[in-house]
Amino acid sequence: MKNRNRVLFLLLLVFSVIMVACSNSEEGKEETNKEKDTGTQTSEGQVEETTGGDLVLATLSDAANLDPHLSTDVPSASVLSNITEGLVKKNENDEIVGSLAKSWEAIDDLTWEFKLVEGVKFHDGENFNAEVVKKNFARLLDPDIAAPRAFLFESIKEVEVVDDYTVRIHTHYPFAPLINHLNHPVGVMISPAQIDADYESIAAGNPAGQLVNEKGPIGTGFMKFDYWTAGTEIKLVNNQDYWGQKAFVDSITIKVIPESATRVAELETGNAHIIEPIQPNEVALVEASVNSVDVSSGSSLSYIGFNVEKEPFSDVRVRQAISMLVDQQMIIDGIYDGFGEAAIGPLAPNVYGYDATLQPLTYNVEKAKELLADAGFADGFKTTIWTNDNPQRQNIAIMLQEELRQVNIDAAIEVVEWGAYLAKTGAGEHDMFILGLSNPVGDADYFLTQLFHSKNKGDSGNRTFYENAEIDALLDQAREEIDATKRLALYKELQDRLIEEAPMVYVHHQAYLSGVSEKIEGYWINDSGHHKLQNVKFIK
């Protein structure tokens, strides 16, 4: 098997080389020459670290929406993290640090004051200041905009402009995770002129955010949006007027390459410098080359969701039974080659609110049969499992399909294009589906409220359409609780209840696997799967 995989890889490599050799694109020649010219020769003939060049990142999925206030997916957020900035951010050590805010303090339980960085300009020349902060949050919370992640900041009562570079955020109630929430990709700033233009577009009859998505976001980041060829690539260029540390590369090309073997071939031939994801069974192959594999732990959850508004998934016994037919370790070992960690509930170990004492529903075929019989489905039923272009999710669907046959459940698998997948699951058209959710804020409130609060059913994140008044009340209580001990106790109770209610099967917390060229350094990926490219530079 190992030899056969290597032969297949070599064939793909040869094919890729031939295709490159046959290309007469002047643009390609210019980019290649530009990259070659970035090095400076030392007296020993070695190449030093350099600036310039076009960094090529090959990814599985295209962005879905480049309006940061309306975006809900990781591929989009990863692109936007190079273009836009918020008041705070997380560094490589997972610490909240300043970004467009240089400092902040709690004035009282309901008020936070932020001192802003001065002299920052948007890519269109507009000034960043306190009025811009107020304008962005007004747009984000505007019901006419209908931002799917507006719930992150629904605690905000008022954004007060104290002076040009001081802003105070007043909340309706004490809200412990506010600073963490400000790190979320939806909380970034876009140009006030672009906000005005989008409102004009809305007045002309266009959907909210259409202008921003089509023309590209205008942020303050180290890269500027250049163009987007949907389904093919996104081009970013260096912001030479950036207020902070400038990026080292001249441009970034984000290529959409759905086929994993093709991505690996692109890395091996030098046509891509970063590929993500690589498949777990490709790790050894990449490591055997001159390139390397970056393995980073994630805070995300991969899950199998039920549409609880549809029968038979409205019956908790059916949901529990199917949960008991999912062998997590088999999935991790057989599909992810041991990368990742089995989930005991919705939260990853590095997320505030995680509790290691939780008791999950474990693999138990006989108990599953009993539960189905009690629910009146001893003879099973027919259903569908939806997945998207992610090969691991497709393999999970196949494995689940086989397990369901043991209890007479006939499940058809449907693979849906990424953009349509988000739209259709957001509209509740599915039976069962396989998806994941990242946690960029690192706090239980964001994750649990998004996935399980009834107000977030649909596009906002609750794609299981789960509704439980007691769970809603506990979520509301926990987000307003300042005492850390009491807050953690509430999240423990919530997770115990959510394991028992089983609106989804909590599968695992993934590890992010990236292939990295020997020609670059400075790359990292955060625990939400966002590529961090500001410090990437060519070294060979």
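D142 lies in the loop between α4 (130–140) and β6 (156–163). Helices (H or I, at least four residues) and strands (E, at least two) are DSSP runs, numbered from the N terminus. D142 counts as buried, at 17% relative accessibility. Buried means under 20% relative accessible area, exposed over 50%, and partly exposed in between (1.4 Å probe, protein chains only). From D142 to V536 the C-alpha to C-alpha distance is 37 Å, and the two residues are 394 apart in sequence.

The model is predicted: local features need pLDDT of at least 70, side-chain atom pairs count only at pLDDT 80 or more, and totals for chains, interfaces and linings use all residues. Residues are numbered from 1 along each chain as its sequence is written, and side-chain values use heavy atoms, with hydrogens and water left out.

The protein chain has 17 helices and 23 strands. Its radius of gyration is 24 Å, close to the 24 Å that the globule rule gives for 540 residues, so the chain is as compact as a globular protein of that length. The radius is taken over C-alpha atoms, and the rule is 2.2 Å times the number of residues to the power 0.38. The C-alpha trace spans about 75 × 65 × 45 Å along its principal axes. Of the 540 residues, 54% are buried. Contact means heavy atoms within 4.5 Å. Among contacts between residues at least 6 apart in sequence, 69% join residues at least 24 apart.

Helix α15 (residues 444–452) is mostly covered, with nine of its nine residues buried. Among them are Y446, F447 and F452. The buried residues of α15 pack against α5 (178–181), β13 (301–306), β17 (432–437), α16 (469–480), α17 (484–501) and β18. F465 sits in the loop between α15 and α16. F465 is not a glycine, yet its phi is positive, about 60 degrees. At 10% relative accessibility, F465 counts as buried.

D94 also has a positive phi, near 65 degrees. D94 is found in the loop between β2 and β3 (96–98). It is partly exposed, with a relative accessible area of 34%. Most residues other than glycine have a negative phi, and most peptide bonds are trans. The bond from E276 to P277 is cis, with omega near 0 degrees. P277 lies in the loop between β11 (274–276) and α9 (283–287). The bond from E311 to P312 is cis as well, with omega near 5 degrees. P312 belongs to the loop between β13 and α10 (316–323).

The structure holds three cavities of 30 Å³ or more. On a 1 Å grid over the protein atoms alone, a cavity is a set of points where a 1.4 Å probe fits but cannot get out, and a pocket is an open set with protein on both sides within 12 Å along at least five of seven lines; lining residues have an atom within 4 Å of a point. Grid points are joined across faces, edges and corners, and a volume is the space filled by probe spheres set on the points. The second largest cavity contains about 120 Å³ of space. Strand β18 (residues 504–509) gives the largest share of its lining, three residues.

The second largest pocket contains about 810 Å³ of space. Of its 38 lining residues, the closest to its centre are K89, K90, W524, N526 and K532. Strand β2 gives the most to this lining, with three residues.
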